[in-house]
Amino acid sequence: MADETAAKALFGAKRLPARMDAQPYGSYAKGCIAGAMAIPADGPAWQAMRLSRNRRWGHPEMLALLERFSQDARAIGWPGLLLGDISQPRGGPMLNGHASHQVGLDADVWFTPMPERRLSVAERETLPFTTMLDRSKFLTVDPRRWTETHARLVMTAASYPQVERVFVNPAIKKKLCDTWNGDRTHLGKVRPIYGHDEHFHIRIKCPEGAAGCKPQAAVPAGDGCDQSLAWWFTKEPWAKPAPKKDTKPVKPAKPRVVTLADLPGACAAVLAGPSPASELEATYRGGPSRVLAFSGGAGRPATVGAAMSAGFPALPAIPPMPTPRPLQ
């Protein structure tokens, strides 16, 4: 008899990755990852947020991109990155908050700049998300919050050849279409989607040689400042489904549970694979001869596990979540 346990429960229960070669299997919204690594909670130009979610794991190429992006962000005047969710230790469906982020090739970056000081573990759980929108108007960027540096940050993210898409709110995409005076070559990679007014979402391509990774369709040609964007400013994307006439009310069908059998076959081996001895063993190293420092200073804990044992306050079971992520 097939196991009907929800895949999200199986993958959500894993606290460490599978000790295997780094390989994504399946698609961004239906897959898993072997050999994931954790990005350090603190880096020279980033701080990871919502540590209790245990979603700092990704393919080494994704983590290397975030490291480079954090350095390039400083070069354009951004203090540093606040990193949101990347993936679970073995990828797969999440218990809450995402449809994608399943193969370690997606990462969220907050629109809030990194503060000059290091945030405590507790602050990383509770710091509120800041929208870039004017809530008093329909799909309008708030000029009191959005700056030219925000625009440069998004466009820098889109400029890397391995980045396939950068998801933002439709209002932010329109703002870029209307005001970006720099090179527009990569503007088409910036894609409008629901939510994403508090953070943006970077998606990289399937790594070279990753035969089990299912690529997404290529981004259409052009800058995306066309009818596909105009559609978001009509009523259609926001309208509730119209009830059918002359029919009796029907109780909504219960969503089908996604099980391990629905994922690529390799995901069973990933789920059952051995774990490393510790999180530190699987923490991202920037190269064979260089270890990225946990830049919190001498005596600061390197991981959230160490932070807990050092007497930091208990964290909530489900920290505050941002608005919805992309389904595609």
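Biologist: How many helices and strands does the secondary structure of the protein chain come to?

Modeller: The protein chain comes to 8 helices and 11 strands, where helices (H or I, at least four residues) and strands (E, at least two) are DSSP runs, numbered from the N terminus. This is a predicted model, in which local features need pLDDT of at least 70 and side-chain atom pairs count only at pLDDT 80 or more, while totals for chains, interfaces and linings use all residues. Residues are numbered from 1 along each chain as its sequence is written, and side-chain values use heavy atoms, with hydrogens and water left out.

Biologist: Why is Gln216 called buried, and where is Gln216 found?

Modeller: Gln216 is found in the loop between β11 (199-204) and α6 (227-230). Its relative accessibility is 19%, and buried means under 20% relative accessible area, with exposed over 50% and partly exposed in between (1.4 Å probe, protein chains only); Gln216 therefore counts as buried.

Biologist: What makes the pairing of the side chains of Gln216 and Arg203 a polar contact?

Modeller: A polar contact is a pair of N or O atoms within 3.5 Å, where within protein one must be able to donate a hydrogen and the other to accept it, and residues adjacent in sequence count only if both atoms are side-chain atoms. The side chains of Gln216 and Arg203 make such a contact at 2.8 Å, and another, of 2.6 Å, joins the side chains of Arg203 and Asp106.

Biologist: Why is Arg203 called buried, and in which strand does Arg203 lie?

Modeller: Arg203 lies in strand β11, and its relative accessible area is 0%, so Arg203 is buried. The C-alpha atoms of Arg203 and Ala158 are separated by 9.4 Å, although these residues are 45 residues apart along the chain.

Biologist: How do you know how helix α2 and helix α4 pack?

Modeller: Two packed helices are described by the angle between their axes and the distance between the axes. For α2 (residues 60-75) and α4 (residues 148-159), the angle is about 145 degrees and the axes are 10 Å apart; axes are lines fitted to C-alpha atoms, for helices over the stretch in contact, and angles run from 0 to 180 degrees between N-to-C directions.

Biologist: Which residues make this contact between α2 and α4?

Modeller: Taking contact as heavy atoms within 4.5 Å, α2 contributes Phe69, Asp72 and Ala73, and α4 contributes Leu153, Thr156 and Ala157.

Biologist: Which residues of helix α5 are buried, and what covers them?

Modeller: In α5 (residues 170-179) the buried residues are Pro170, Ala171, Ile172, Lys173, Leu176 and Cys177, and their cover includes α4, β9 (163-168), β10 (190-192) and α6. At the start of α5, a side-chain oxygen of Asn169 reaches to within 2.9 Å of the backbone nitrogen of Ala171.

Biologist: What phi do Asn54 and Leu139 have, and why is each called buried?

Modeller: Asn54, in the loop between β5 (46-48) and β6 (57-58), has a positive phi of about 60 degrees although it is not a glycine, and Asn54 is called buried because its relative accessible area is 8%. Leu139, in the loop between α3 (121-126) and α4, has a positive phi of about 45 degrees and is likewise not a glycine; its relative accessibility is 13%, so Leu139 counts as buried.

Biologist: What percentage of the 328 residues in the protein chain do buried residues make up?

Modeller: Buried residues make up 49% of the 328 residues.
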